[in-house]
Amino acid sequence: MPCNAMHPIIKPKRCLLLFHNLFRFRITPNSSHPFPSLQQPLKHVTTDSTDPTTSVPIDAGSSNRKPVCLWPGRFHSPAIHALWEARASIRPNGNGYGPSDPKTPSQSRTSIFYNFSSDYILREQYRNPWNHIRMGKLVEDFDALAGTIAFKHCCNEDGTTRPLLLVTASVDKMVLKKPIHIDADFTIVGAVTWVGRSSMEIQLELTQSAGGNPNISNSTALVANFTFVARDADTGKAVAINQISPESEQERLLWEEAEQRNKFRKKRKEEQKHGESGDTARLNALLAEGRIFSDMPALANRESILMKDTFLQNSFICQPQQRNIHGRIFGGFLMRRAFELAFTTAYAFAGAAPHFLEVDHVDFFKPVDVGNYLRLKSCVLYTELDNLTEPLVNVEVVAHVTKPELRSSEVSNRFYFTFGVDPEAIKNGLRIRDVVPGTEEEARKVLERLDAENLTLVKKDGNLHVIKENK
């Protein structure tokens, strides 16, 4: 008897048929919508309460066990999955009506709850190799929540909205005020705080529950300010959106702060347009130190390094699974990829695991489409060594949309991050080096960021150092 007589071979076609049957799923043909779950009402969020603590938040883990096949072409994580579901109740209306009456911040207020203390599956998706929170995924979720809030502000009372494109224009600041623990529950809550003609600012706050843990307080752990702009879905031109009517004293204060930020953004754009930012003396001082590395490398400061020697980059093709509801690449996905490259850059530069402190600024210049060849380039822009026990590493990431067929490459995004360094490594003798620009373009980028962050250059022991201005 042949050796395989006891184990008859299944014909290839039959194998394929069994495999097909194993993964087959059915869509009910009588349904008016191919994915009925998308038409469920916005049951996880209440927007008529002025107190965010009384509203029912979206549960970040409510959708993380649903089949991915129910959400084709929409970029997802557990939290983003739940947000897409919540946003599905907002329906486009092609009647072309204009903005409605002004809305209050409470009407757009939305929160999302992360049940990390008891949801092991959810918690594991946000854990990094050092058993801390994976900040890149939180940055991604912040952008998705801000988008949901923008949609709610622009929709009509009956849940309909004009066919608008709401896109992230910038992130002005994302500041970590205290550590976020991976094993404790937290909530992210946000609302529209300021509205221009076609733009709006959204403030988000992350608060972690103490839950009996003496190491955790109920104060805010992370604050972020996102700016969204509205465009007509057909023409791509800016369109007017619902204005905002602050009710409480706190809401009026937030509106005034956002108004000042908007004025500062406009002023900075004008200065850059007319070449008024930065002065010649500071530029020459930065370049003088860089020239030593090229002209007299043997005499260059061993505690400094050229900016170009900190460069890292990666590239990828943007896939359909990474697109948002408008069919373009989800902004949160780009922010996560940029954050993770920035983290790697700081890690390779410092020689010890960094910890996140701030997203200093993010600009979204051009949309990124499915199929685009995207290149992310990062470098350490400068270090802050005023306090040697707590050095800071500032990283820039620039995203380029590259089109080989057209032989073109354009900047689509700029990201700026600040990281700290492991205190134990510093105690054990780790030294962080100064970063020196080697070209005029690099020096101008450094000065632009120093001015934006209210930092200044001071000469100590013959070398330039970055410190905080006394204001």
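1. Which helices and strands each supply at least two residues of the lining of the largest cavity? They are α7 (280-295), β12 (373-384), β15 (434-436) and β17 (463-468). Helices (H or I, at least four residues) and strands (E, at least two) are DSSP runs, numbered from the N terminus.

2. This is a predicted model, in which local features need pLDDT of at least 70, side-chain atom pairs count only at pLDDT 80 or more, and totals for chains, interfaces and linings use all residues. Residues are numbered from 1 along each chain as its sequence is written, and side-chain values use heavy atoms, with hydrogens and water left out.

3. A cavity is a set of points on a 1 Å grid over the protein atoms alone where a 1.4 Å probe fits but cannot get out; lining residues have an atom within 4 Å of a point. The largest cavity holds about 120 Å³ of space. Its lining has 13 residues, and Leu286, Val435, Leu457, Leu464 and Val466 are the closest to its centre.

4. Most residues other than glycine have a negative phi. Asparagine 131, not a glycine, has a positive phi of about 65 degrees and lies in the loop between α4 (120-124) and α5 (135-154). Asparagine 131 counts as partly exposed because its relative accessibility is 43%, between the limits for buried (under 20% relative accessible area) and exposed (over 50%), with a 1.4 Å probe and protein chains only.

5. Arginine 407 also is not a glycine and has a positive phi, of about 55 degrees. The loop that holds arginine 407 runs between β13 (392-403) and β14 (408-421). Arginine 407 counts as exposed because its relative accessibility is 81%.

Note on methods:
On a 1 Å grid over the protein atoms alone, a cavity is a set of points where a 1.4 Å probe fits but cannot get out, and a pocket is an open set with protein on both sides within 12 Å along at least five of seven lines; lining residues have an atom within 4 Å of a point. Grid points are joined across faces, edges and corners, and a volume is the space filled by probe spheres set on the points.
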